Amino acid sequence: MNLLDKLVIPLSPEHVQLLHYISMLIFFLFVPFISIVLVGTLLSLTYKRKGFKQNNNIYIKFSKDLIETVTINKSMGIMLGIVSLITSVLIYIQLFHGANLITVEYLIWSFFFVTIGIILIYTYRYSSSFSELFNSLDESKEDESIAEEIKKYRVNSRKLSLKAGGFGIAFLFIGTWVFTAGVTLGFFTSKWNDTHLLSVLFSWAVIARYITFLLLAAAFTGATILFSFFYWEGGKENLNEQYKYFIRKNGIVLTAIPAVILPLFLLLDLTDLPGVTLSSSVFTFITLGVLLLFLGYHYLYVMYKNNSTDYSIHIFIVVLLTIFATIIADQTAMVNANKPQTFALAQNFDNVMTKLTASSAPPTISGEDIYKNICSACHSFDHKVVGPPYNQTLPTFHGDVDKLVDFILHPTHPIPGYPEMPNPGLTQPQAHAVATYILKEVKKYE
Ligand code: HEC
């Protein structure tokens, strides 16, 4: 991990605080996005398979609309899925420098899995639209052999598309699981030495948190379906009643079932956290998350009972805020767990700063020191040593510091009966300091 060490800069406690905030904001983007991509793609694939098998057009249409909704577009995939994750990996490298390498390692692994998963899922999305091209060609059955050929292409491209989607889901599933393990290890300082990947992945703490994530992801995907089909830009156009009913039912069920189980898991995760991580704000945010879910039930119920599409925006916001609340609670717990690490970083910062200031500040020049260390070997103020005593020679300078500095920097040989004074090799400021000192001191001997 020497390479990683090179990326690390010394952090003051303020920097640590700031990095925690930034990583929280990045999670606000990354977690909701990866949630809808994971569950949305899974759902899209399932309905696509079912649709082809049962020749159900609603399923096939839903599958296509869904994958286009959850993957938004390619640049969103790159920004929200890949760039945001690598940024948070870099932040954790800084935060856990010298202490928690395992969290960093897991996050790096999750980055590779998630990236491959996202690429495959976008392949699935765009190859789905591509295979539809053949559908439209299908109608022009002028030539038997061409029709055969087209059919073959269509079947193959459909297979390829389903395969890309399936592998994409698998990679994303592993990636988010390892990601959860990395973040969970951020709280469990005691587990930092447990480097066995499988025992970490299958530990109850990690599994419980991963289930929480999946439940949140499912609820948020349901909420996103309701929101994007019925609210976003006035709702999707050309929805017939049958399709509308289908989407409403699916969206409500997909949101409601996980949302009902979620409070249980949020509380379980809380009881599972090590004592050091718990503070009143961790409790507050988890409680807030649970209350938001209750508010969500209310909107879901109204939507279900009134057979309406209102409140889809409310449900979307409520579930999104629940995700935010759990992220804040997690980050707070992590800050609490890592106080010793923050302290170590702060000390390291102090050390580096003192070293920096020590080497770059100009050395303090004391005229007295220079006199004692250099000049006094040959000079005294009131009697002859090797050179003449200062109380005889200095009066000839008439208190002119500059003239004396000039002499010290370039000694001449003005006094008969003495040898030549060697150049003491001082810098201009040093010469100035010692000149000032001896001119002041010599007054005591006049
Ligand atoms: C190795 C011995 C030696 C050291 C060290 C030395 N000096 Fe001298 N200094 C002399 C000698 C010898 C003379 C007489 C030179 C001459 O007659 O030209 C002298 C002369 C002087 C004079 C008289 C110059 C004049 O024109 O009247 C001053 C002032 C002086 N030194 C200051 C200093 C200061 C300040 C230092 C320390 C930074 C210093 N010296 C270090 C040997 C030394």
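The shell around the ligand is made up of 20 nonpolar residues, five polar residues and one charged residue, where Ala, Val, Leu, Ile, Met, Phe, Trp, Tyr, Cys and Pro count as nonpolar, Asp, Glu, Lys and Arg as charged, and the others, Gly among them, as polar. The structure is a predicted model, in which local features need pLDDT of at least 70 and side-chain atom pairs count only at pLDDT 80 or more, while totals for chains, interfaces and linings use all residues. Residues are numbered from 1 along each chain as its sequence is written.

Of the 26 residues around the ligand, those that come nearest are Cys375, Cys378, Gly387, Ile415 and Met421; a residue is near a molecule or strand if its C-beta atom, placed from the backbone, lies within 6 Å of it. Two helices, α15 (401–409) and α16 (428–441), each supply at least two residues of this shell.

### The chain as a whole

The protein chain has 16 helices and zero strands, these being DSSP runs numbered from the N terminus, with helices (H or I) of at least four residues and strands (E) of at least two. Its radius of gyration is 37 Å, whereas a compact globule of 446 residues would have one near 22 Å; the radius is taken over C-alpha atoms, and the globule rule is 2.2 Å times the number of residues to the power 0.38. Taken along the principal axes, the C-alpha atoms of the protein chain fill a box of roughly 125 × 60 × 45 Å. Of the 446 residues in the protein chain, 36% are buried, a residue being buried if 20 or more other C-beta atoms lie within 10 Å of its own, exposed if 12 or fewer, and partly exposed in between, with C-beta atoms placed from the backbone.

### Helix pairs

The axes discussed here are lines fitted to C-alpha atoms, for helices over the stretch in contact, and angles run from 0 to 180 degrees between N-to-C directions. Angles under 35 degrees count as roughly parallel, over 145 as roughly antiparallel, 65 to 115 as roughly perpendicular and the rest as oblique. A crossing is left-handed if the near helix is turned anticlockwise from the far one by less than a right angle, and right-handed if clockwise.

The axes of helix α8 (residues 204–230) and helix α9 (residues 241–272) come within 7 Å and cross at roughly 150°, which makes α8 roughly antiparallel to α9. The contact of α8 with α9 comprises, by class, 20 nonpolar, six polar and three charged residues, and the crossing of α8 and α9 is left-handed.

Helix α9 also crosses α3, with the axes of α3 and α9 coming within 11 Å at an angle of roughly 60°. That angle makes α3 oblique to α9, and the crossing of α3 and α9 is right-handed.

### Selected residues

Asn55 lies in the loop between α2 (13–54) and α3 (57–70) and counts as exposed, because it has 8 C-beta neighbours inside 10 Å. Ile72 is placed in the loop between α3 and α4 (74–95), and its 16 C-beta neighbours inside 10 Å are why Ile72 counts as partly exposed.

Three further residues can be described by their place and their surroundings. Ala337 belongs to helix α11 (residues 312–337) and counts as buried, with 22 C-beta neighbours inside 10 Å. Gln347 belongs to helix α12 (residues 339–360) and is exposed, since it has 10 other C-beta atoms within 10 Å. His398 sits in the loop between α14 (390–393) and α15, and His398 is exposed, with 8 other C-beta atoms within 10 Å.

| Residue pair | Separation in sequence | C-alpha to C-alpha distance |
|---|---|---|
| Ala337 and Phe187 | 150 residues | 5.4 Å |
| Gln347 and Phe28 | 319 residues | 31 Å |
| His398 and Leu439 | 41 residues | 9.4 Å |
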